[in-house]
Amino acid sequence: MTTSVALDPVDLHILRLLQNDARTTYRELAAEVGVAASTCLDRVARLRRSGVILGHQLRLDPGKLGRGLEALLSVQVRPHRRELVGPFVERIRALPESRALFHLAGPEDYLVHVAVADTADLQRLVLDEFTARREVARVETRLIFQQWECGPLLPPASGVKS
């Protein structure tokens, strides 16, 4: 289990600003938060070292890259043993169609978010990369009609249990 990191109001303000625009300069952050640019730089560096800030991502539009069909694949692996799931996870993560992979509790072992060109490409992916694997017992496919980004992940307010 991950332990939480103590964050003061200045840290939280910096995180809120960076979540909304990770390209904000240290000078702009410092002015908005009300601290010196060097203090802001030190705080962001500390937030990175402590693992609160994991990195910065470039988001791409799959449709504009020829992958306009997205789906969620529920995958059941049998037998569910470490020597089988390790290579399975590595292979699925390496597929260019894979957007996200989740290890689950419950009847399905994995949920895979994929982006493909069309239904024929989705069928090829399921048959050639999933059901062709010996350890894959079952795959259920759910098409994604639309998706929304949710608000930024903010730490809970002081004194509030999550």
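Where does Leu 17 lie?

Tutor: A word first: this is a predicted model. Leu 17 lies in helix α1, which covers residues 9–20. Leu 17 is partly exposed, and its relative accessible area is 23%.

Now look at the neighbours of Leu 17. Leaving aside residues up to four places away in sequence, Leu 17 touches Thr 24, Leu 29, Glu 32 and Val 33. Take Leu 29 from that list. Leu 17 and Leu 29 are 12 residues apart in sequence. In space, 7.3 Å separates them, C-alpha to C-alpha.

Helix α2 spans residues 26–33. The axes of α1 and α2 come within 10 Å and cross at roughly 130°. The two helices are therefore oblique to each other. The crossing of α1 past α2 is right-handed. On the α1 side, the residues that meet α2 are Val 10, His 13, Ile 14, Leu 17 and Leu 18. On the α2 side they are Leu 29, Glu 32 and Val 33. By class, the residues of this contact are six nonpolar, one polar and one charged.

Next comes helix α3, residues 37–49. Start with how α2 packs on α3. The angle is about 105°, and the axes are 8 Å apart. The two are therefore roughly perpendicular to each other. From α2, the residues in contact are Tyr 26, Leu 29 and Ala 30. From α3, they are Ala 37, Cys 40, Leu 41, Val 44 and Arg 48. This contact has seven nonpolar, no polar and one charged residues.

The remaining pairing here is α1 with α3. Their axes come within 11 Å and cross at roughly 80°. That makes α1 roughly perpendicular to α3. Val 10, Asp 11, Ile 14, Leu 15 and Leu 18 come from α1. They meet Cys 40, Arg 43, Val 44, Arg 46 and Leu 47 of α3. This contact counts seven nonpolar, no polar and three charged residues. Together with Asp 8, they are linked in a network of salt bridges.

Charge pairing brings us to other parts of the model. Side chains of opposite charge can pair when their charged atoms come close. The count of salt bridges comes to 15.

One of them joins Glu 70 and Arg 99, with the closest N and O atoms 3.0 Å apart. Glu 70 sits in strand β1 (residues 69–77) and Arg 99 in strand β2 (residues 98–103), so the pair ties together parts that are 29 residues apart in sequence. Glu 70 is buried at 13% relative accessible area. Arg 99 is partly exposed at 43%.

Another links Glu 129 with Arg 91, where the closest N and O atoms are 2.8 Å apart. Glu 129 belongs to helix α5 (residues 119–130) and Arg 91 to helix α4 (residues 82–94), so this pair ties together parts that are 38 residues apart in sequence. Glu 129 is buried, at 17% relative accessibility. Arg 91 is partly exposed, with 31%.

Glu 135 and Arg 133 form a salt bridge too, with closest N and O atoms 2.7 Å apart. Glu 135 is buried, at 8% relative accessibility. Arg 133 counts as partly exposed, with a relative accessible area of 21%.

Glu 97 is found in the loop between α4 and β2. Glu 97 is buried, at 9% relative accessibility. Beyond residues up to four places away in sequence, Glu 97 touches Arg 67, His 113, Val 114, Ala 115, Val 116, Arg 124 and Leu 125. Pro 79 is in the loop between β1 and α4. A cis peptide bond joins Arg 78 to Pro 79, with omega about -10°. In general, most peptide bonds are trans.

Note on methods. Residues are numbered from 1 along each chain as its sequence is written. This is a predicted model: local features need pLDDT of at least 70, side-chain atom pairs count only at pLDDT 80 or more; totals for chains, interfaces and linings use all residues. Side-chain values use heavy atoms; hydrogens and water are left out. A salt bridge is a side-chain nitrogen of Lys or Arg within 4 Å of a carboxyl oxygen of Asp or Glu. Helices (H or I, at least four residues) and strands (E, at least two) are DSSP runs, numbered from the N terminus. Buried means under 20% relative accessible area, exposed over 50%, partly exposed in between (1.4 Å probe, protein chains only). Contact means heavy atoms within 4.5 Å. Axes are lines fitted to C-alpha atoms, for helices over the stretch in contact, and angles run from 0 to 180 degrees between N-to-C directions. Angles under 35 degrees count as roughly parallel, over 145 as roughly antiparallel, 65 to 115 as roughly perpendicular and the rest as oblique. A crossing is left-handed if the near helix is turned anticlockwise from the far one by less than a right angle, and right-handed if clockwise. Ala, Val, Leu, Ile, Met, Phe, Trp, Tyr, Cys and Pro count as nonpolar, Asp, Glu, Lys and Arg as charged, and the others, Gly among them, as polar.
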